[in-house]
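Subject: Handing over a structure, with notes

Dear colleague,

I am passing on the structure below, followed by an account of what was found in it. Please keep it open beside the text as you read.

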Amino acid sequence: MPLSAFMNVFAGNPLDRASDRRANAAWVAGKLADPGSLALVMWNGKPMVEKREGGGSQIAYVRADLASELAGGLERLLFMGLWNETAVFALDMEGRADPADGPLAGLGRFEDLRAIALDVPQADAGILATAKAMFEWRRRHRHCAACGGPSEPSDGGWKRICPSCKAEHFPRTDPVVIMLPTRGETCLLGRQAAWPKGTYSALAGFLEPGENIEEACAREIWEEAGLRTARVRYHSTQPWPYPSSLMIGLIAEVEDGEAAPDQTELEEVRWFTREEAKVLVTSGLPDARAPGAVAIAHQLIKAWAEE
Ligand SMILES: [Zn+2]
């Protein structure tokens with residue numbers, strides 16, 4: 001399939017990650033000090049954005065040397081990559097005080113990433129998802145998983161090294177299968193008790209060690225809905241930085257049999273016709289709606305409904 005066949009929100013980060021050069025600490029330091037280099041800022045997982053001409057929002061970049069000054073060292077900095085020849089960094093800020101009321105006053109405002117994901121250009125959403133996933137990893141992996149000692153950032157933040165035992169740690173991506181079970185002209189959606197009333201979505205679960213994607217898909221459909229899977233096909237994937245998943249979107253044909261929710265993850269499963277599925281992703285039915293377009297589940301339902 002062509003690379004751009006289908007692009008979910010949070011995919012499409014256009015930066016050149018320069019992975020061959022970011023291991024060179026002197027090169028990264030040079031880019032960080034370069035007055036032409038830029039940085040995006042995240043505060044408690046929220047990106048700093050600004051209004052975009054013509055509507056919507058966009059990343060509010062600041063000078064990289066300002067980000068470097070606020071970071072006070074490499075721990076909170078990430079080399080994102082190159083945009084043409086311009087180096088782009090990210091700064092991870094934490095704490096209760098809103099930096100937009102402090103050192104970054106007048107430069108932008110901090111917004112929830114998921115809330116603004118469709119409001120920024122696709123490239124910006126991809127860049128922000130990358131930064132968020134990396135900073136979530138950084139926050140959870142400050143200590144070496146082998147010996148417990150504090151680890152240090154390397155390779156522009158893309159690796160952590162333990163000075164005590166020399167172990168190297170790399171950012172993790174956790175694969176999740178998310179699938180739309182179908183049978184003839186109907187598809188099956190489930191709902192969790194905790195979701196807003198009337199919300200139905202695709203089934204999903206983490207891929208486990210020793211499984212391939214189609215096996216994980218079949219297992220989850222069996223566990224959550226009590227149905228056997230006959231065929232699985234791939235639709236698209238989505239980086240999902242909550243905190244570090246890759247959603248693997250699938251459409252699965254299931255065999256005959258009665259669907260029954262497992263009652264632990266799902267309280268209800270419900271069949272929808274193709275016509276109903278079309279309505280679910282637009283205006284919604286009187287008693288049912290699909291997740292918003294940010295979610296790959298929405299895109300799976302839409303794709304199947306339009307087949
Ligand atoms: Zn160690």
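Before the details, one term is needed: a residue is called buried here if 20 or more other C-beta atoms lie within 10 Å of its own, and exposed if 12 or fewer do. Please also bear in mind throughout that this is a predicted model.

In helix H1, which spans residues 25–33, Val28, Lys31 and Leu32 are buried. These three cover an arc of only 100° around the axis, which means that they lie on the same side of H1. On the face of H1 turned away from that buried side one finds the exposed residues Ala26, Gly30 and Ala33. The elements that cover the buried residues of H1 include helix H2 (64–71), strand S5 (77–83) and strand S6 (86–93).

H2 can be described in a similar way. Its buried residues include Ala64, Ala67, Ser68 and Ala71, and because they cover an arc of only 100° around the axis, they are placed on the same side of H2. The buried residues of H2 pack against H1, S1, strand S4 (62–63), S5 and S6. Just after H2 in the chain, Gly72 takes a positive phi of about 60°.

S6 is itself mostly covered, with seven of its eight residues buried. Strand S1 (residues 38–43) pairs with S6 in the parallel sense over six bridges, and Leu40 stands opposite Ala90 in S6. S5 and S6, by contrast, run antiparallel and are joined by six bridges, with Thr86 in S6 as the bridge partner of Trp83. S5 and S6 form a hairpin with two residues between them, and Asn84, in the turn, has a positive phi of about 55°.

Turning to the protein as a whole, its secondary structure comes to seven helices and 16 strands. The radius of gyration is 22 Å, close to the 19 Å that the globule rule gives for 307 residues, and the protein is therefore as compact as a globular protein of that length. Its C-alpha atoms fill a box of roughly 65 × 50 × 40 Å, taken along the principal axes. Of the 307 residues, 38% count as buried, and among the contacts with a separation of 6 or more, 65% are accounted for by residues 24 or more positions apart.

The domain assignment gives domain 1 (25–140) and domain 2 (174–305), and the centres of domain 1 and domain 2, taken over C-alpha atoms, are separated by 33 Å. The contact between them takes eight residues from domain 1 and six residues from domain 2. Helix H4 (residues 122–140) supplies five residues, the largest share of the side of domain 1 that touches domain 2. By class, that side of domain 1 has five nonpolar, no polar and three charged residues.

Another sheet also deserves a look. Three strands form an open sheet in the order S8-S9-S10, with antiparallel pairing. Strand S8 (152–154) and strand S10 (168–169) stand at the edges, each with a single partner strand, so one side of each is left without a neighbour in the sheet. Strand S9 (residues 159–161) and S10 run antiparallel and are joined by two bridges, and Arg160 stands opposite His169 in S10.

Because Ala260 has 12 C-beta neighbours inside 10 Å, it counts as exposed. Leaving aside residues up to four places away in sequence, Ala260 touches Ala225 and Gly226. The C-alpha atoms of Ala260 and Val28, which are 232 residues apart along the chain, are separated by 55 Å.

With best wishes

Notes. Residues numbered from 1 in each chain as written. Predicted model: local features only at pLDDT ≥ 70, side-chain atom pairs only at ≥ 80, totals over all residues. Helix = DSSP H or I, 4+ residues; strand = E, 2+ residues; numbered from the N terminus. Rg over C-alpha atoms; globule rule 2.2 N^0.38 Å. Contact = placed C-beta atoms within 7 Å. Arc of directions from axis to C-beta. Domains from an automatic or database assignment. Nonpolar A, V, L, I, M, F, W, Y, C, P; charged D, E, K, R; others polar. Pairing = 2+ DSSP bridges.
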